[in-house]
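User: Hi! Could you walk me through this one?
Analyst: Happy to. Here it is.
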Amino acid sequence: METLYLIFIDPFVQMAIEPAFLAEVLIGGLMSGVMYSLVALGFVLIFKASGIFNFAQGVFVLFAALNFVGLMDLGVHPILAFIITLGIMTALAFAVDRLVLRPLVNQNPIILFMATIGIAFFLEGFGESIWGGDVRPVRVGIPDTALFWETGFGEILVLSSDLFAGVIAAFLVTVLALFFHFTPVGRALRAVADDHQAALSVGIPLNNIWVIVWAVAGFVALVAGIMWGAKLGVQFALSTIALKALPVLILGGFTSIPGAIIGGLIVGAGEKLFENYWGLPLLGGATEEWFAYIVAMIFLFFRPQGLFGEKIIERV
Amino acid sequence: MTRPGNILLGVKDISLRFGGVRALTDVSFDIHEGEIFAIIGPNGAGKSSMLNCINGFYHPQEGTITFRGQQRRRMRPYEAAAQGISRTFQNIALFRGMTTLENVMTGRMLKMQASFVEQALYLGRGKREEVAHREKVEEVIDFLEIQSIRKTPVGRLPYGLQKRVELARALAAEPELLLLDEPMAGMNVEEKEDMCRFVLSTNHELGTTIALIEHDMGVVMDLSDRVVVLDYGKKLAEGTPDEIRGNQEVIDAYLGVSHD
């Protein structure tokens, strides 16, 4: 009885008693959710355009952040460092296309997937041998102060860095959405994602498109890396945290950009709420590590295509 | 009503194999400028393979394809598109997530000259181009009478209209040679009549040379200037619709005997 009360009634009573705390938990969750969304976005871009599940996307985030921080530590201005890193990520996209994807074109998806695992390990080692394995703080002048927000039902504490990350992510997502919907290149990208053969027949060269997609994914990884690095410092654990994008993708659907964003927000907010209202009182905490994966598993049972993914219909 | 023009596309001794399967064996024919050319034959005769060779999806092991006097080897599909060959597919290959308008716009992809950055940022030349192409696309949309579905995602359109959008996308590229793979398959009589009208007016008003695959013999005989018949990957006959109708071999292999 006691347990049932703790599961089904007490958490909601708590929420009603202290709405300010609920709001704080929710905001914190949504902010980390934005980070998951950014990483998931990189996965979706590549998966949509080339049907490849890029296991290395998480390492892309790390690698981009490492380069950015490394350059800044050498005394390069943040904006210049950003541009140089963008160049490095574009070069990386080129290299991946020429050295890995082209030789393997028309192979099974599983083989391409294995190749991306290879890319992941290579980049991780390569990054470490160049920049070393220390945790480096990112100082790009993102203000990190606590803001107090007075509301009708109490004071809410918001970290300005969280707020900043949220704004940047929202901006990035908007730019990408505009890019995909209103420019010829964006249209070409969506065309390739829809139907390779038809795209070829109207004269879209697939190879160039792949380079562009990987470069855009690199750009998204860079932004995610900086935001995350600013929060936690640039460390090798980043590539593991980035794997949280997997449950996000299962939730949102592998082929949907809005799905990646909303999936990220749901996972972020969900795990914080669960941790604070159910995890801590019932299980002693540390539920944030696995909560997202359990949700993903439940989704796989009942809605394997995700919230926004394309319905999997096979005609017999 | 054959209008003898220069040879636009010459196919010479084409052989195509997939492993041990011979899809095409020593097929030769010429498509002349301004004509409607039909490729017919039973299922599995190699008709679609032939179109796929012409637009570069397949590379025949032997033989040559000459387009506008230029012989080519191992051409890629986007190169064929750039040279003025557009096509539609047997199973509609539209970009299902996009609207009619966006689908037709992709047909203009190759005509866009602005650099990637200009396009991406929608600046200067990129913007002017987009506007100019949009005008051309609206012309095509008017021509094929699909104004009312401009903003509809094509996945939601009925089959007949999807086929028409696919034709619009191919026409937006202003092709010299238009390849139609079963443009009327699965259509009802009314839709077929519409499609015939569009194929004819494309040919007459825009002067586009058309090569088409079709199973409806009534349609083929009405539309085409000349017909080639394939069977088991080999050329069985070539000639005007009347000649084909009277050809005994073709009747045996494909048309069948009329019992009247």
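Analyst: What follows is a short chat about contacts in this predicted model.

User: How many residues does each chain give to the contact between A and B?
Analyst: Chain A brings 19 residues and chain B brings 27 residues.

User: And which elements of chain A give two or more residues to that side?
Analyst: Those are α7 (160–182), α8 (184–194) and α9 (196–201) of chain A. Of these, α8(A) gives the most, with 7 residues. By class, the side of chain A that touches chain B has 11 nonpolar, 4 polar and 4 charged residues.

User: Let's stay with α8(A). How does it pack with α10 of chain A?
Analyst: The angle between α8(A) and α10(A), residues 206–232, is about 105°, and their axes are 10 Å apart. Angles of 65 to 115 degrees count as roughly perpendicular, so α8(A) is roughly perpendicular to α10(A).

User: Which residues make that contact?
Analyst: From α8(A) there are V185(A), A188(A), L189(A) and V192(A), and these meet L206(A), I209(A), I212(A) and V213(A) of α10(A). That contact has 8 nonpolar residues, with no polar and no charged ones.

User: Switching to chain B: what domains does the assignment give?
Analyst: Domain 1 covers 1–84 + 175–260, and domain 2 covers 97–174. Taken over C-alpha atoms, the centres of these two domains of chain B are 26 Å apart.

Technical notes
Residues numbered from 1 in each chain as written. Chains lettered and ligands numbered in written order. Predicted model: local features only at pLDDT ≥ 70, side-chain atom pairs only at ≥ 80, totals over all residues. Contact = placed C-beta atoms within 7 Å. Helix = DSSP H or I, 4+ residues; strand = E, 2+ residues; numbered from the N terminus. Nonpolar A, V, L, I, M, F, W, Y, C, P; charged D, E, K, R; others polar. Axes fitted to C-alpha atoms, helices over the stretch in contact; angles between N-to-C directions. Parallel < 35°, antiparallel > 145°, perpendicular 65-115°, else oblique. Domains from an automatic or database assignment.
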